[in-house]
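I opened my notebook to look at the fold and its charged pairs. Here is what I looked up, entry by entry.

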Amino acid sequence: MSNKNNINYAILGMSIAFSYLLPIHIHPLRTFYQDAIVILGLLLTIFSLSLNEQLKLRFSGLCLISTGIVVAIFCQFFFGNSQDIEDLLIPSLYLLLLPFAYSVGASLSAERELAEKLCLAFAYAYLVAGLLSVAMQIVQVTGLRIDTLVMFIPKAVFFPRPYANVAQPNQLALMLCFALASTWFLYSRMKISKGLAVAGTGVLIIGLVLTQSRIGWIILPLFCFYIWKTQIAENGQQIPKVILILLPVVYFLMVFSLSFIISHFGFSGGSVAEHVGGRSERMGLWRQAWSMAAHHPWSGVGWSGFGPAQVSIAADFPSSTYAEHAHNIVLNFAAELGWPLTVLVFVGLAWWFYRAGLQPVKTSARQFAVLCLIGVFVHSLVEFPLWYGYVLFPTAILMGMLHQMRWPEGGVMLPKALITPVVALAVFFMGAVTWDYQRVVKGFNVLRWEQSGTKVDLHALEQPEFTLFPQFFAYFKLMKTEPAEGMSAETIAYAEHWTPRFGFVHILNKMAEIYVLNGSPKKAERMMQTLQRLHPDLYPEYFDYWKAKGNIDVRYRDVFVNMPRRDAP
């Protein structure tokens, strides 16, 4: 491939790195712009490939997985499993883009040296993003303010979990693990010196420790074990096995000594024992997901239905936390799609991973991709990283690469005459979605300004004639609905419909007040029980509120006497 075609790898690498470094996270879809950057990079790469006579998009059997899930999602909707179609649109668009991501990975790795180029692009992107993110963590810990470059964390007595510009420490930890895999790959391919590899690894380990994320406890030893078992001299420089033993040992020593170290800088923080032995919110989410799957084993509660279903059953479980995902990809699929499709998807992916990643002859490119997939899978067992486009699409590209390396003759070629207009339409649609999302952002800003006493134009809260995000305008209407006596049946039904979708503490309390003021005290009691189960840390504030209201209104008092106690676990 000529040097001019290296632009494809540069586009992908820069889009991945920039998605982790962009310091903009705007409510309600806080990774909207990060995802948009990676999607734009994907579309530009597809367009570039369509201009190249030697490379055409290669669609493989992997595409059946994502397209099959989309078919299942809309079958659920038409058979009444899912609440609202608007919550299905963006996830479905992501799933429909996955075949293009697989195809890009396959097209850019049609030959062994091309696969190495693709991995180099990913590795440089992750390493640069990782090292810069650790520098940002240091800035955040010290309380420095560089708002235009680094997200600000106010300095406090309690040691924070610095998240750089990723805005979520566990997501940052996953990216730092990608960067560690990248360091190994670049050293193996002799692209960086031994000294730079050691220094870079040390910096990344420090950043991983600072996130205080437990996924590193699993991913790093798995990385070292996999490299130990698979590195081959013919594939490049080898890491001495003593280093592969010392690396996790040093990491765990740093993890255990973190609370002691930070105490010398005036911070207080929990010990590792407290970190491990605290209340497990994830266990509560997993029990709830298991219950959903047990009661809806064939087709689940509907895609994106975990959050609403959780609100409806949380009162029957011990306290956990409100979430829109089960924090375990297998249980999330089982809860939302049912067991048959879940088993089919994950058995198929396990077979594919063995055949494409573990069984073939080891190459550095294949090993790098396997390391990244290991990191994503481990994180997916306790979080939901694949719901973020800036993790999902690079993962799919690496999967497409592995598939192409294993089955080079497979797939279907698409001509550039078909690709170019599709990409142009997709870019235009991205612009339209971004413009539409800006209207949602403006609505949230107006709502916040109004609540602070600022005079604002409330027209921004009204749902436009056409929008891809009507659920958020429904939230604005719900926020403007004040509990009162004699509310119409239609208004109460509207609040009942949207409350499970937005199970935030203030929304649950509002629904309970609507019930108590409109002759449904038992429903109010259950709603307050739900509030305590999903928001135990905030519950005391609402306990005091209902106690005060009960002193002047017997209807509140009748509900209050049956509410969980103020310090309920």
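Predicted model: local features only at pLDDT ≥ 70, side-chain atom pairs only at ≥ 80, totals over all residues.

Entry one, a pair within one helix. I found Asp436 and Arg439 three residues apart in helix H17 (residues 416-451), so about one helical turn separates them. Their side chains form a salt bridge, with the closest N and O atoms 2.8 Å apart. I noted Asp436 as buried, at a relative accessible area of 3%, while Arg439 counts as partly exposed at 22%.

Entry two, pairs across the chain. I looked up Arg282 and Glu383, whose salt bridge has its closest N and O atoms at 2.6 Å. Arg282 sits in helix H11 (residues 281-295) and Glu383 in the loop between helix H15 (364-380) and helix H16 (389-406), so this bridge ties together parts 101 residues apart in sequence. Glu383 is buried at 8%; Arg282 is partly exposed at 23%.

I then checked Arg189 and Glu116, which meet in a salt bridge at 3.3 Å, N to O. Arg189 is in the loop between helix H6 (169-188) and helix H7 (194-211), and Glu116 is in helix H5 (residues 112-142), 73 residues away.

I also found Asp87, Glu324 and Arg501 linked in a network of salt bridges. My total came to 14 salt bridges.

Entry three, the whole protein. I counted 23 helices and two strands. The radius of gyration is 25 Å, close to the 25 Å from the globule rule for 569 residues, so the protein is as compact as a globular protein of that length. I noted 54% of the residues as buried.

Notes
Residues numbered from 1 in each chain as written. Heavy atoms only, no water. Helix = DSSP H or I, 4+ residues; strand = E, 2+ residues; numbered from the N terminus. Rg over C-alpha atoms; globule rule 2.2 N^0.38 Å. Buried < 20%, exposed > 50% of the residue type's maximum accessible area, 1.4 Å probe, protein only. Salt bridge = Lys/Arg side-chain N within 4 Å of Asp/Glu carboxyl O.
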